[in-house]
Amino acid sequence: MTISPDWRFMLRHPAHVIALGLGSGLAAKAPGTFGTLAALPLYALWLALGLSPALLAWLLPLLFALGCWACQRTGDALGAPDHGAMVWDEMVAMWALLIVLPATPLAWALGFALFRVFDIVKPWPIRWLDAQLKGGFGVMLDDALAALMAWAVWRLAAPALGLG
């Protein structure tokens, strides 16, 4: 049986806090979009605190592994292996994309839009991976691939748009 998470559920276990994106995944509508949006100010805060994109890139595997554990545990508790409220996957994928984009509002907005398109539409091979891989690793991997595809489109489009 699938349950709908709330604040009480989230606060029962640290894995739930992480998987639910520090609460951003509890949004009634479009939790994935809210989770992706929540990634932006957190990344900006890290930069303001002096963390470099290079250091953040070194932290990504840890954040990814943390997400595998948290999403597995939370998906099991919710009765849904890839519950929509679990948004840590969107957050980590967005951070990975922000690391390789210029730190400008326009670049971040376009990166956000590209990532959301790939995450929502799930073109091949994202959709195939999403269907084949289950559990926390599968939850995390399809969003990582969506970020990679968003970056590829950015790299192709940015010069034509005068963005780098």
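Predicted model: local features only at pLDDT ≥ 70, side-chain atom pairs only at ≥ 80, totals over all residues.
Reader: Which residues of α4 are buried?

Author: Buried means under 20% relative accessible area, exposed over 50%, and partly exposed in between (1.4 Å probe, protein chains only). An α-helix has 3.6 residues a turn, so residues three or four places apart point the same way. In α4, the buried residues include L56, L60, L63, F64 and G67. Their cover includes α1, α2, α3, α5 and α8.

Reader: Where does α4 kink?

Author: A bend is the angle between axes fitted to the seven residues ending at a residue and the seven starting there. In α4 (residues 53-78), a kink of about 35° lies at L59, shortly before the proline P61. L59 counts as partly exposed because its relative accessibility is 33%.

Reader: Which residues touch the most other members of the largest nonpolar core?

Author: A nonpolar core is a set of buried Ala, Val, Leu, Ile, Met, Phe, Trp, Tyr and Cys residues joined through side-chain atoms within 4.5 Å. Here the largest has 47 residues, and W88, M94, W95 and F115 touch the most other members. Its largest share, 9 residues, comes from α5. Contact means heavy atoms within 4.5 Å; W88 touches, among others, L63, L66, G67 and C71.

Definitions and conventions
Residues numbered from 1 in each chain as written. Heavy atoms only, no water. Helix = DSSP H or I, 4+ residues; strand = E, 2+ residues; numbered from the N terminus.
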